[in-house]
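Here's a quick walk through a protein model, written for someone who likes to know the cut-offs. Have the viewer open as you read.

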Amino acid sequence: MDRRPLPRRRRPFFIAAVIISSLLLVFLPQSASGSPSRTRRPTSKPSSVFSLFNLKQKSRFWSESVIRNDFDDLESPVAAKTTFANFTAAGNVANYLKLLPIESMYLPVPVNFIFVGFDGNGNQEFKLHPEELERWFTKIDHVFAHARVPQTGETLTPFYKISVDKEQRHHLPLVSHVNYNLSVHAIQMGEKVTSIFEKAVSVLARKDEVSGDGDVWQVDVDMMDVLFSSLVGYLEIESAYNIFVLNPKRDAKRVKYGYRRGLSDSEMRYLRGNASVMQGKIVESAGRVPDTVVALDKIKSKRPLYEKHPMAKFAWSVTEDTDTVEWYNACEQALDNVEKLYQGKETADIIQNKFVQLLNGKHEDMKLLYNKGLKSGDFSDLHAECLTDTWIGKERWAFIDLSAGPFSWGPAVGGEGVRTELSTPNVQKTIGAVSEITEDEAEDHLQEAIQEKFAVFGDKDHQAIDILLAEIDIYELFAFKHCKGRKVKLALCEELDERMRDLKNELQSFEGEEYDDSHKKKAVDALKRMENWNLFSDTQEEFQNYTVARDTFLSHLGATLWGSMRHIISPSVADGAFHHYDTISFQLFFITQEKVRHMKQLPVDLKALQHGLSSLLLPSQTPAFSQNMLPLSEDPALAMAFSVARRAAAVPLLLVNGTYRKTVRAYLDSSIVQYQLQRLNDQGSLKGKLAHSRSTLEVPIFWFIHGEPLLVDKHYQAKALSDMVIVVQSDSSSWESHLQCNGQPLFWDLRRPIKAALAAASEHLAGLLPLHLAYSHARETAIEDWMWSVGCNPHSITSQGWTLSQFQSDTIARSYIITTLDESIQIVNSAIHLLGLERTTEKTFQLVLSEERDLLNKYNYVVSLWKRISTTTGELRYADAMRMLHTLEDASKQFVDQVNATIASLHPIHCTKERRVHVEYNLSTIPAFLVVLGVLYLVLRPRRPKPKVN
């Protein structure tokens, strides 16, 4: 049997197939490629004879279909030449549609700066002019971006310095796309309003010391609260943020006064020393509220200050006394009644009336504390609040009294931005230092200046021109300090005015030929200088009547008011995305050492806690509560988690009196607690579960009740984490903190951490931060400024109160709004970026044209929602703005879906091969074919099989 192998004839055909396939791939033009970005550029170099890769589109040698698809190439009637030209010239689809990424949008914020006592009837008879206010206040940064502060921690220093983590990733940018555009309206009140506030300070002030010693007075800020609220309501300016700047006349009897809520330390000591007697008196009159306390609330008449806020960068208005006459009369009568009530009263009666007023007031924290002390007869738990000269009201107003104080507060040692006695502008030390100089003192100042100036001359001979110039310098400096800007002109200034005329005549005499050129030049320069002066005459223009003291004062005032805008009107928030939910479910887990039979036996006022947590919600939100007790004695895993997280630290302290002390603090490490509790959670994350999108948010609050003093992260009573809130409660009623107020340490009641719990819960819900923290665009991190850490709200250190201010409620609403706006801008920008990657070609023209209307309609709808939300927010109608957030989310998503659908329909066209391959004929084409035919002949020519030789 012949076992010789058959001739292998397949290999030449296989080689030929590979060569032909390679040639086909070589001859295909680049325009048939699926990627639109790889457009072949024409080259000016001559083609090589041996190159098969420079075939141009004119070299058409292939006419059959190269590749077939399941769909036909798009065909449509020819559009207008101009439209097609614009389309191709645009370069990409985003440019054709004129869609650019959004860098920023603006939320208008109406602000009123209300000046009381600056019409010439206040302290130092200081009068502000609109021109100088505008000159300084237009320098304030009215437009700045909403900012988010990264998570804060503690640096490795012994004095509680705040550090910020810059390395962490952020869901939303720290510097938001949303900017605040603050419109400042300066309003000057008339003499009647000034007189009411002066009388209120006089009537509502009482000695800080019960014994009558000392020169410090305390003004009842609760009654002042009624006064400010009634004025805001009377003028109908509730739809703007109002900052009052007070400059009342100082009473010689009250050297130093401030504002306080509640009783002073001295009154507390009196109350404790006479507990039984005072308890009986207070119980007898507890149900009776003096009519004078609520008299101001009965003012029903209104006198709108304006129909609509000017919403300009700066506007100035002056109220006439006729505009506030009804309010003036009502306040005058009420203050007269209060004065009669306290007239001739003993110390016990005054404290009794004040105690009853607090029991029947609007502050739940005061009611809780004072009611408990009244029932038990033990007033040792009551602590005095700080005396301040600034205050943040419950509604949309705050004030700063430039005649009060000065005071100081903040960290005792090592803090930044602490409030000092020089933090606020002082009319007495700036304007008063200039205006109070007498004739004799002015002459003394002039003589001292003359002696100092001419002391440098000595006994040497000097030219007459040099002596005249030195005399002119003295008079110029003296005039700027003591003559310019005075209401009552000094006689010495008039004498100097006459002397200046004589000096001018003497200088003109140097123009004669007998003097050399250098003397002439000095005299001419001095005369030119004097021509621009108007130091002593009365013909000067009023708006140029500035002095160094006035400029210093106004610049300081402008900086202070700018701080109010950054810290209370439009403050920074914590880093994170905070959304609006219809229902907030607070899940309270009380972790005790021993088992408690019933929830009511816990040392926690659940009613006050629930009331405080409910105050954090907006009117459109509904609270829900659930309470759970977790005793450590019955849960070994939880007890182990608590023990692992419990740590101790040696904390060095430098007290306000200069004493050094080292203490050992027990605390819970919040990171370890969070990790351990997450492990114990059967369902994984503790973050709120959503029954429906934006429907319900569950907020777990773990409340640790411990016997010995215990804190969170060394220095806090509560801490907000990403998925929970941690609160610790101990038995200590007077824990000396690292904060001070007016040289005295601030004590915390660790048995009632409701204030700290509400502050942490508000940060968890909406990102609210302590009032002293703000983001610095210059430093790109958080900075501290304790100036506005006032008011009876959860984020203030100078008060024990936890009543949320309307400023902070609005900040919560804006936080929800800005989160939605930022997310909307981000996804819209990402969609525009995708459109920018799609090139405009002839093949995509008709398809983009067919989708253009839908794309622009959906985009314009998103933009219209942005504008509506911005306008509504600028009118402080946050409830209406909230209703549009879900619509904005849906509209943004629809625009993105439309963009994705358009891009998806473009990509199959990009992958379609052309039915004709265009090849350019040139000198290299014919030799290339000849070479190919020769190769094919050599490969495919028949060959005789060789016989196999064994």
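## Ground rules

This is a predicted model, so local features need pLDDT of at least 70 and side-chain atom pairs count only at pLDDT 80 or more, while totals for chains, interfaces and linings use all residues. Residues are numbered from 1 along each chain as its sequence is written, and side-chain values use heavy atoms, with hydrogens and water left out.

## The whole chain

The protein chain has 26 helices and 26 strands. Both are DSSP runs numbered from the N terminus: helices are H or I with at least four residues, strands are E with at least two. Of its 950 residues, 49% count as buried; that means under 20% relative accessible area, with exposed being over 50% and partly exposed in between (1.4 Å probe, protein chains only).

## Helix α23

Helix α23 covers residues 845–874, which is 30 residues, and at 1.5 Å a residue it should span 44 Å; its end C-alpha atoms are 42 Å apart, which agrees. The expected span here is 1.5 Å times one less than the number of residues.

There's also a kink of about 40° in α23, centred on glutamate 851. The bend at a residue is the angle between axes fitted to the seven residues ending there and the seven starting there. After α23 comes leucine 876, with a positive phi near 60°.

## The disulfide and other cysteines

Taking a disulfide as a pair of cysteine sulfur atoms within 2.5 Å, the count comes to one. The bond joins cysteine 386 to cysteine 741, S to S 2.3 Å. Cysteine 386 sits in the loop between α11 (364–376) and β11 (390–392) and cysteine 741 in strand β23 (residues 735–741), so the pair ties together parts 355 residues apart in sequence.

Cysteine 386 is buried at 6% relative accessibility, and cysteine 741 is buried at 6%. Cysteine 331 is buried at 0%, and cysteine 792 is buried at 8%.

A polar atom of its side chain lies 2.7 Å from the backbone oxygen of leucine 746. Not counting residues up to four places away in sequence, serine 737 touches Leu746 and Trp748.

Over in helix α6 (residues 221–235) is serine 229, buried at 16%. The side chain of serine 229 reaches the backbone oxygen of aspartate 225 at 2.9 Å. Beyond its neighbours within four places in sequence, serine 229 is in contact with Glu395 and Trp397.

Arginine 566 lies in helix α17 (residues 548–569) and is buried, with a relative accessible area of 6%. Its side chain reaches the backbone oxygen of tyrosine 775 at 3.1 Å. Leaving out residues up to four places away in sequence, the residues arginine 566 touches include Phe144, Ala774 and His777. Arginine 566 and tryptophan 788 are 222 residues apart in sequence and 9.9 Å apart in space, C-alpha to C-alpha.

Definitions and conventions
Polar contact = N/O pair within 3.5 Å; in protein donor to acceptor, adjacent residues only side chain to side chain. Contact = heavy atoms within 4.5 Å.
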